Amino acid sequence: PKFLTEDEVIKFIEAPSKKSESGKRDKAILETLYSTGIRVSELVGLNVSDVDMISNIVKVAGKGKKERIVPIGDKALDAIRNYCADRRHKSSALFLNKNGTRLTDRSVRNIVNKHITAASLTQNISPHVLRHSFATHLLNRGADLRSVQELLGHVNLSTTQIYTHVTTDRLKEV
C-alpha cells in the first residue's frame, strides 16, 4: 500500500486554514485519521460522545459492528476541541457538513483531495493512505505487529502484515 513520509504527513495535516469552521473541521479530520488509524467509515460514524477527551480514547464502531477503543493523540484532540468550539450546528455527530448533517465517506475523500493539492503533494491518494501511513510509521518506530493489528481492528494478523514493508532508512538503522 502507498504511504506518506512523516514530513509529508505534517505538511498535509497543516494544509487546512485554521480560521474558518470548515478549515478547523478538515484539520480535525486529518489529525484524527492519522492519529488513530481508523477507517473513513469509522470516522464519519463518530459521535461527539465517542471521544473521551480526558482519557485520550475514541470508541469506534468498526467492520461487522465490532466496537473497539483506540487511543488518540493530543494534537488530534486539540484540533477536535478547536473545531467543536466553533461549530454553528449542534449535533450528536462529530464531523458535520455545511448543512449541519453528518459527513459522508465521499465528502471526506473530497476534503483529502483538496488538501493534498493545497499541500502540493503530487501523489493521488485516498483517505486510506493516512491509515497506511499510521501503521507504517508505528512499525518503523518499533511498534510490534500485534499491537498495530489491535489498533487497526484487524481480525487476522495476515491482514496487518501488508504494512510490514519497511523503509530503506529503517533497514539501514536496524
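1. Let's start with glutamine 149, which touches His154, Val155, Asn156, Leu157 and Thr160, leaving aside residues up to four places away in sequence; touching, or contact, means heavy atoms within 4.5 Å. Glutamine 149 lies in helix 7 (residues 145–152). Helices (H or I, at least four residues) and strands (E, at least two) are DSSP runs, numbered from the N terminus. With a relative accessible area of 5%, glutamine 149 is buried. Buried means under 20% relative accessible area, exposed over 50%, and partly exposed in between (1.4 Å probe, protein chains only).

2. A word on what you're looking at: this is a predicted model, where local features need pLDDT of at least 70, side-chain atom pairs count only at pLDDT 80 or more, and totals for chains, interfaces and linings use all residues. Residues are numbered from 1 along each chain as its sequence is written, and side-chain values use heavy atoms, with hydrogens and water left out.

3. Serine 147 also lies in helix 7. Serine 147 counts as partly exposed, at 33% relative accessibility. From serine 147 to threonine 160 the distance is 10.0 Å, C-alpha to C-alpha, and the two are 13 residues apart in sequence.

4. Now the inside. A nonpolar core is a set of buried Ala, Val, Leu, Ile, Met, Phe, Trp, Tyr and Cys residues joined through side-chain atoms within 4.5 Å. The largest one has 37 residues, and the members touching the most others are Phe12, Ile29, Leu33, Phe95 and Val108. Two or more residues each come from helix 1 (6–13), helix 2 (21–36), helix 3 (40–44), strand 2 (57–61), helix 4 (74–86), helix 5 (105–118) and helix 6 (128–140). Helix 4 gives the largest share of this core, 5 residues. There is also a second, separate core of 6 residues, with Phe134, Ala135, Val148 and Leu152 among them.

5. Take a look at leucine 33. Leucine 33 touches Ile38, Arg39, Val40, Leu43, Val108, Pro127 and Leu130, again not counting residues up to four places away in sequence.

6. Next, helix 2 against helix 4. Their axes come within 8 Å and cross at roughly 155°; axes are lines fitted to C-alpha atoms, for helices over the stretch in contact, and angles run from 0 to 180 degrees between N-to-C directions. The two helices are therefore roughly antiparallel to each other (under 35 degrees counts as roughly parallel, over 145 as roughly antiparallel, 65 to 115 as roughly perpendicular and the rest as oblique). By class, this contact has 5 nonpolar, 3 polar and 7 charged residues. Here Ala, Val, Leu, Ile, Met, Phe, Trp, Tyr, Cys and Pro count as nonpolar, Asp, Glu, Lys and Arg as charged, and the others, Gly among them, as polar.

7. Compare that with helix 2 against helix 5: these pack at an angle of about 95°, with axes 11 Å apart. That makes helix 2 roughly perpendicular to helix 5. Arg25, Asp26, Ile29, Leu30 and Leu33 of helix 2 meet Val108, Ile111, Val112, Lys114 and His115 of helix 5. The residues of this contact divide into 6 nonpolar, 1 polar and 3 charged.

8. Finally, two loop residues. Valine 48 sits in the loop between helix 3 and strand 1 (51–52) and is partly exposed, with a relative accessible area of 34%. Asparagine 56 is in the loop between strand 1 and strand 2, and has a positive phi of about 55° although it is not a glycine.
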